Amino acid sequence: IIFSSTIFPRYSFDSFNCCEMTESAALKGLKINWMSVKDAYNPVVLWTSTPDWTTQPLWDREVVARIPKEILRCRAVTRDLNFSSESEIKKFRVEQNVLLNGHVIEQWRFTFGFVIPGSTNTWSSTIDSAGEENMLTPEILSGNTVIDTSFFDDETFLCRFKVRLYYV
């Protein structure tokens, strides 16, 4: 277990191709500018996305994140996601599946809400740890963990990308 979560078996992610993007996402001009993760009880950033996230579309590839293994000792982490949208999004939300060796081990759901057209926003979400005694080791997780993130406008699928985690 990486972090505590609630399972919401609502969508079959097998029906989506890896890193796909629908026409509706393209029309909305949705773009991830950067992401960072920090200890929720300490404002020090433990990881931030690399500049290539902004120079290449995320929707057509799996990206790699090299995360300090110390993050697994945090009681909670805060993820900041900075994104831009050229169009209005009525009910922006994210569904994330955490996969270990291709099997879903956790699912997270977050709702941002209304996105103003032409805006850039930073969305912070806090994820509580399952507790150090319940954590898998960095050696087991590193390179074998993928966070599969899908973006929606209410029930309309917009786009999806994956991040493979390496703990260093």
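Student: In β9, which residue is the bridge partner of Phe 152?

Tutor: This is a predicted model, in which local features need pLDDT of at least 70, side-chain atom pairs count only at pLDDT 80 or more, and totals for chains, interfaces and linings use all residues. Residues are numbered from 1 along each chain as its sequence is written, and side-chain values use heavy atoms, with hydrogens and water left out. Strands here are DSSP runs (E, at least two residues) numbered from the N terminus, and two of them pair if DSSP finds at least two bridges between them. β8 and β9 pair in the antiparallel sense over nine bridges, and within β9 the partner of Phe 152 is Phe 157.

Student: Which residue in the turn between β8 and β9 has a positive phi?

Tutor: The two strands form a hairpin with two residues between them. The residue in that turn with a positive phi, about 60°, is Asp 154.

Student: In what order do the strands of the open sheet lie?

Tutor: The edge positions belong to β3 and β6, each of which pairs on one side only. The twist averages 25° from one strand to the next, with angles taken between N-to-C directions on a scale from 0 to 180 degrees and axes fitted to C-alpha atoms. Five strands take part, the pairing is mixed, and the order is β3-β9-β8-β5-β6.

Student: How many of the 12 residues of β9 are buried?

Tutor: β9 is largely enclosed by the rest of the structure, because the count of its buried residues is nine.

Student: Is Thr 145 buried or exposed?

Tutor: Thr 145 is found in strand β8. A polar atom of its side chain lies 2.9 Å from the backbone oxygen of Leu 141, a polar contact being a pair of N or O atoms within 3.5 Å; within protein, one must be able to donate a hydrogen and the other to accept it, and residues adjacent in sequence count only if both atoms are side-chain atoms. At 0% relative accessibility, Thr 145 counts as buried.

Student: What distance separates the C-alpha atoms of Ser 36 and Leu 81?

Tutor: Ser 36 lies in strand β1 and counts as buried at 5% relative accessibility. Leaving aside neighbours within four places in sequence, its contacts (heavy atoms within 4.5 Å) include Val 45, Trp 47 and Thr 78. Ser 36 and Leu 81 are 45 residues apart along the chain, and their C-alpha atoms are separated by 6.8 Å.

Student: With which residue does Glu 62 form a salt bridge?

Tutor: A salt bridge is a side-chain nitrogen of Lys or Arg within 4 Å of a carboxyl oxygen of Asp or Glu, and a search of the whole structure finds eight. Glu 62, in strand β3, is joined to a residue of strand β9 that is 102 residues apart from it. Glu 62 is partly exposed, with a relative accessible area of 32%. Its partner, with the closest N and O atoms 2.8 Å apart, is Arg 164.

Student: Between Asp 148 and Arg 160, what is the N to O distance?

Tutor: Asp 148 lies in β8 and Arg 160 in β9, so the pair ties together parts that are 12 residues apart in sequence. Asp 148 counts as buried at 3% relative accessibility, and Arg 160 is buried with a relative accessible area of 4%. Their side chains meet in a salt bridge, N to O, at 2.4 Å.

Methods
Helix = DSSP H or I, 4+ residues; strand = E, 2+ residues; numbered from the N terminus. Buried < 20%, exposed > 50% of the residue type's maximum accessible area, 1.4 Å probe, protein only.
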